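Please look at the arrangement of strands and helices in the model below, and then at the side chains that connect them.

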Amino acid sequence: MKLTKLTHSCVILQEAGQNLVIDPGIWTEDLSAIGPIAGVVITHNHADHFDPKHIQSIVSAHPAVQIFSTPEVAEQSGVPVTVVQDGQTATVGPFTLQFSGEMHAPLHPILPPEPHNIGVLVNGTFYYGGDALIAPQQKNGLVLAAPATAPWLKMSEAIDFIMAVKPRICIPTHNALLSPQGQSIADNWLGAACKKVGAEYQSLQPGQSITF
């Protein structure tokens, strides 16, 4: 399976000539050049993970695409969305999806309640949790997308998340808020956590890919 990281929260997985897009948000690059898109997973409805314009564009270019997400995204997307919950599974093209989690990580009690958030394990190999630090039931040996920074996140929590999952490869995501200097600091700390559990740390620039 090939993984391509785009800006901030969006990743694209490719298998057998088909693509799965996860979290195309407002900072995501133009997706019109992407080949056949079998499915889209949107972890939650925050704009940095979910841009209705991207979704509508994908549906226009790929009418058979299946979209999986939360109740809030289904209400706001303007296109058909399959609402999924913790413990559910689905198959779309060459991708088997196992969903986990329920809610976005809390930010602060004075703010409005956080939305639903759904993580996804793809083909038993790649895990993306969205904006929550819920480890998948299947651990050890996964390729993990780990958030590098967020208003709801402490570095110690990101490190604990990596050490709980014990991946074989870790890729930092959710990092558009970081300056180059900040990314370097995040890479140092997350990379140290990966070394502790024997994982390979791959800090990808937007547009870069790895195959696993």
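This is a predicted model: local features need pLDDT of at least 70, side-chain atom pairs count only at pLDDT 80 or more; totals for chains, interfaces and linings use all residues.

Seven strands make up an open sheet of mixed pairing, in the order β7-β8-β9-β10-β11-β12-β13, where strands and helices are DSSP runs numbered from the N terminus (E, at least two residues, for strands; H or I, at least four, for helices), and two strands pair if DSSP finds at least two bridges between them. Because β7 (89–92) and β13 (200–201) each have a single partner strand, they stand at the edges, and one side of each is left without a neighbour in the sheet.

Residues are numbered from 1 along each chain as its sequence is written, and side-chain values use heavy atoms, with hydrogens and water left out.

Helix α3 (residues 155–165) packs on the sheet, touching β10, β11 and β12 (169–173), and its direction makes about 165° with that of β11; contact here means heavy atoms within 4.5 Å, while axes are lines fitted to C-alpha atoms, for helices over the stretch in contact, with angles from 0 to 180 degrees between N-to-C directions. The axes of α3 and helix α4 (residues 180–197) come within 9 Å and cross at roughly 30°. That makes α3 roughly parallel to α4, a label given to angles under 35 degrees, with those over 145 called roughly antiparallel, 65 to 115 roughly perpendicular and the rest oblique. Among the residues that meet between these helices are I159 and I162 in α3, and W189 and L190 in α4.

In the loop between β10 and β11 lies I134, which counts as partly exposed because its relative accessibility is 41% (buried is under 20%, exposed over 50%, partly exposed in between, with a 1.4 Å probe and protein chains only). Leaving aside residues up to four places away in sequence, I134 touches Y127 and F161.

A search of the whole structure finds one aromatic pair. F68 and F99 form this tilted pair, at 5.8 Å centre to centre and 35° between the planes (ring centres of Phe, Tyr and Trp, the last by its six-membered ring, lie within 6.5 Å; planes under 30 degrees apart are stacked, over 60 edge-to-face, the rest tilted). The pair links distant parts of the chain, with F68 in β5 (residues 66–69) and F99 in β8 (residues 95–100), 31 residues apart, and both F68 and F99 are buried.
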